[in-house]
Amino acid sequence: MGLAKMSGALFPVLLWYTCISWMENPGGSVYEMGQVIAVVPAAGKGSRMGLEGPGKQFVYLNGRPVLAHTLMALESLAEIDGIILVTRQDQVSLGWQVVNDYAIGKVQAVVPGGATRQESVSAGLGHVPTDTEIVVVHDGARPLIDTQLIDAAITGAREYGAVGVAVPVKDTIKVRDEMGLVISTPPRGSLWAIQTPQAFRYEILLAAHTKAKASGYVGTDDCELVEELGKPVRLIQGSYRNIKLTTPEDLAIAETLLSVDKDKGNAKMEQSPIPRVGWGYDLHRLVKGRPLILGGVEIPFDKGLLGHSDADVLLHALMDSLLGAMALGDIGHHFPDTEKRWQGANSLHLLSQVKEIITRSSASQLSISHIDCMIIAERPRLAPYIPQMRLNIVETLGLIPDQVSIKATTNEGLGPVGQGEAIVAHAVATILA
Ligand code: CTP
Ligand code: MG
């Protein structure tokens, strides 16, 4: 095609593209949306809740820790690119445990907080990449957050710079003195109760925290620091459901709100249970000087499987299929072989942990419907041991024998498996969730 002819064909396309770009962005500048990072302060003492143990962030609500509810909401929102979790110094590893158990892949760091909420947010902010466009601050103690609200706060922050989610107060508010005497009754129409999420352009939040730190100003939320900076803060309508777990009755309220959701979920499930299928595969080398453990059964043989844990190839494939069905990553993610505590680990014990992880991952009751496994091993003959393997799995997962199938075959002498150098296992799990 000649040049003149080609530009003739390209010209209308370029014109069309230019018009469309201009209509989308009439100012003419090329605007690219930058990354959004959530900072989750969860480093408080929870003194008003008065719980024993690790505190309100880790208490179980409807089958999972409060913090897991909060993080899962942030994880599920496509707009959010990364999460910085702030916990008490002594709870950093507990924080990571929740992150790993619930496969919150967006968490980039779990960092120790400070003595006040402001210091904790500031500590989190210190780990936010400097090229971030928007920072969303959301309390770990607000597990009932609706993702649409987070999204609205982010959109608002892009437009206005600083946005807080808030609800009109329901009660009439009084200002009183130390003696209990009423000083004034502010008109209720202009009173809003601030919540989180609060979203900011990164540079505004950073400037607000930097100024507050320099002047010693302490605020109870981040919008207040931006107000102190003299920048406008916009409130958008939040939700009365988005409660902060502060005093013991809040736990009961949150449980009730969540169980209403769960009932709705169950009603949906009764109409149409959703089967989820997961697949798992594993291979371990056969070597001298190791026990051969398959399905939790020690099988007499002159070789055993090499691995960091007990190398139970069958249970490893099975665990991966269960995690896969719920999109919760794989066993390497939950039980990394770089960690000493999994060295020589009993895989039946790991299987019971996987059951807990998948159970907690679903708001509605899930049930393992069926498991089918295949072991590929040239030797030894496995048939005599299969009934005990099935029993081990049945007992660990709380199933009935009919739900667990294990088959074994050889590789007809072909390849490394056929030469007796390794054993392979596959598993398929069906979960109704
Ligand atoms: N927070 C924090 N660091 C602090 C104090 C609070 O990260 N030093 C977090 C809390 O963990 C919570 C949120 O800020 O997610 C809101 O604080 P609040 O509800 O007051 O929690 P606590 O401070 O833990 O509770 P209390 O004030 O009753 O001790
Ligand atoms: Mg507090």
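Start by selecting A42: one of its backbone N or O atoms lies 3.4 Å from an oxygen atom of ligand 1, a polar contact (a pair of N or O atoms within 3.5 Å; within protein, one must be able to donate a hydrogen and the other to accept it, and residues adjacent in sequence count only if both atoms are side-chain atoms). Taken alone, ligand 1 exposes 560 Å², and the protein buries 89% of that; such areas come from the Shrake-Rupley method with a 1.4 Å probe, and for residues only the protein chains shown count as cover.

Before moving on, a word on what you are looking at. This is a predicted model, where local features need pLDDT of at least 70, side-chain atom pairs count only at pLDDT 80 or more, and totals for chains, interfaces and linings use all residues. Residues are numbered from 1 along each chain as its sequence is written, chains are lettered from A and ligands numbered from 1 in the order in which they are written, and side-chain values use heavy atoms, with hydrogens and water left out.

Next, click G114: a polar backbone atom there is 2.9 Å from a nitrogen atom of ligand 1. Then try G140, whose backbone N or O atom lies 3.4 Å from an oxygen atom of the ligand.

Select N62 next. Its phi is near 50°, a positive value in a residue other than glycine. Is N62 buried or exposed? N62 counts as buried because its relative accessibility is 15%, where buried means under 20% relative accessible area, exposed over 50% and partly exposed in between (1.4 Å probe, protein chains only).

A311 also has a positive phi without being glycine, near 60°, and A311 is buried at 0% relative accessible area.

Finish with two pairs. G280 and L318 sit 38 residues apart in sequence, yet their C-alpha atoms are 6.0 Å apart; G280 is buried, at 2%. N100 and I357 are separated by 257 residues in sequence and by 9.6 Å, C-alpha to C-alpha, and N100 is partly exposed at 27%.
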